[in-house]
Amino acid sequence: MSAINSIDLVELTNNIKAWGMALGFQQVGISDIDLHHHEAHLQAWLDAGYHGDMSFMESHGMKRARPDELVPGTLRVISVRMNYLPPDASFAKHLNSPDIGYISRYALGRDYHKVLRKRLKQLGEKITNALSEIDSSTTQYRPFVDSAPVLEHAIAEKAGIGWTGKHSLTINKEAGSWFFLGELFINLPLPVDKPVEENCGSCTACLTICPTNAIVAPYKVDARRCISYLTIESDEDIPESLRPLMGNRIYGCDDCQLICPWNRYADVTTEADFHPRQALHGQSLNTLFSWSEETFLKNTEGSPIRRIGYEKWQRNIAVALGNAPFNETSISLLKEKRGMVSDRVDRHINWALDQQLNRKIDIQENRQQKRLIRAVEKGLPRDA
Ligand code: SF4
Ligand code: SF4
């Protein structure tokens with residue numbers, strides 16, 4: 001990059017930011033690649049086993065904090081954010097409807113990986129084209145979106161996008177946290193942005209609200225307890241002790257974001273791709289559980305939900321049905337689906353049936369008790 005001087009780099013950086021905004025990102029920041037401050041935190045998190053069975057986290061090791069080991073030659077990371085909150089924020093009310101399947105807001109529209117990666121690639125191409133006129137050496141870039149080997153929140157913080165909240169997600173003062181992050185690793189010595197200061201202050205709302213107590217300390221999330229991990233990443237049985245705490249959350253969880261006061265300032269998305277799909281939004285657990293594998297694949301085409309596969313989908317909904325109010329149709333469906341998918345799903349179905357049947361017994365006992373009390377109060381025989 002010998003032909004580029006510092007003035008060119010400042011101008012190029014301004015252009016990169018303008019191109020990024022024109023491509024639909026709400027913010028573009030630039031960080032260097034020195035993340036060594038995060039290595040101790042990352043190692044302690046891994047040592048505590050908080051990554052659960054995400055063994056890829058361990059196998060990437062410190063490469064996550066060393067972008068130039070992941071992509072040799074990288075000098076800077078261009079960090080971008082894109083809002084995903086729809087204009088109609090009614091999705092949150094589904095948390096109060098236990099017979100509706102709650103799907104994390106980010107997953108209701110088109111797969112963000114595809115949307116962001118395509119735009120980042122376009123940004124990389126624009127940079128390459130612009131430089132090809134003044135410098136014959138090669139511009140190298142590589143886009144990442146929610147990729148395991150990248151410490152995206154630490155990078156976003158350094159790039160001035162936002163600070164890492166106590167729930168471990170990135171928060172922006174003007175935009176809250178309902179946005180996706182993406183990174184473009186690049187071999188250009190661009191001027192960097194100023195890191196963002198932490199602004200959680202004394203607030204602990206996310207720690208208190210977390211249904212499974214997964215935020216074990218500020219900035220420390222035990223993935224093994226986090227509903228997002230349990231419903232999306234984990235291939236195992238969901239621990240029985242956590243199932244009742246999951247309520248109707250069948251894919252991911254938004255509670256720590258919903259409670260965060262900074263999300264009062266959240267911006268809505270300008271991307272139609274992120275608007276909720278009808279087949280997934282506000283559907284009853286019975287409807288979602290009754291889907292065949294074919295219907296699941298059809299309704300989740302182009303959605304991030306598809307990657308968990310039908311087995312985990314059924315496993316998650318079975319747990320939610322176990323947490324739902326007593327419902328004869330749910331019981332019939334659970335029985336009907338037993339033996340159709342896998343032993344794992346059957347174990348969750350059996351648990352759900354136990355919960356539903358316990359509720360049925362409770363209702364019957366309650367009715368009997370009420371009848372008895374009424375009879376006694378009226379001075380009638382006890383079996384009246
Ligand atoms: S996503 Fe849900 S379960 Fe995970 S830390 Fe946030 S509130 Fe807790
Ligand atoms: S809820 Fe409070 S502590 Fe948690 S991330 Fe938001 S501001 Fe920080």
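So, the largest cavity here is the space taken by ligand 2. By cavity I mean points on a 1 Å grid over the protein atoms alone where a 1.4 Å probe fits but cannot get out. A molecule sits in one if more than half of its atoms lie within 2 Å of its grid points.

Keep in mind this is a predicted model, with local features needing pLDDT of at least 70, side-chain atom pairs counting only at 80 or more, and totals for chains, interfaces and linings using all residues. Residues are numbered from 1 along each chain, chains are lettered from A and ligands numbered from 1 as written, and side-chain values use heavy atoms, without hydrogens and water.

Okay, cores: buried nonpolar residues joined through side-chain atoms within 4.5 Å, buried being under 20% relative accessible area with a 1.4 Å probe, protein chains only. The largest has 78 residues, and Ile16 and Trp313 are among those touching the most other members. It draws at least three residues from each of domain 1 (6-85 + 109-186) and domain 2 (285-384), bounds that come from an automatic or database assignment. A second, separate core of twelve residues includes Leu35 and Phe185.

Notes:
Buried < 20%, exposed > 50% of the residue type's maximum accessible area, 1.4 Å probe, protein only. 1 Å grid on protein atoms, 1.4 Å probe; cavity = no way out; pocket = protein on both sides within 12 Å on 5 of 7 lines; lining within 4 Å.
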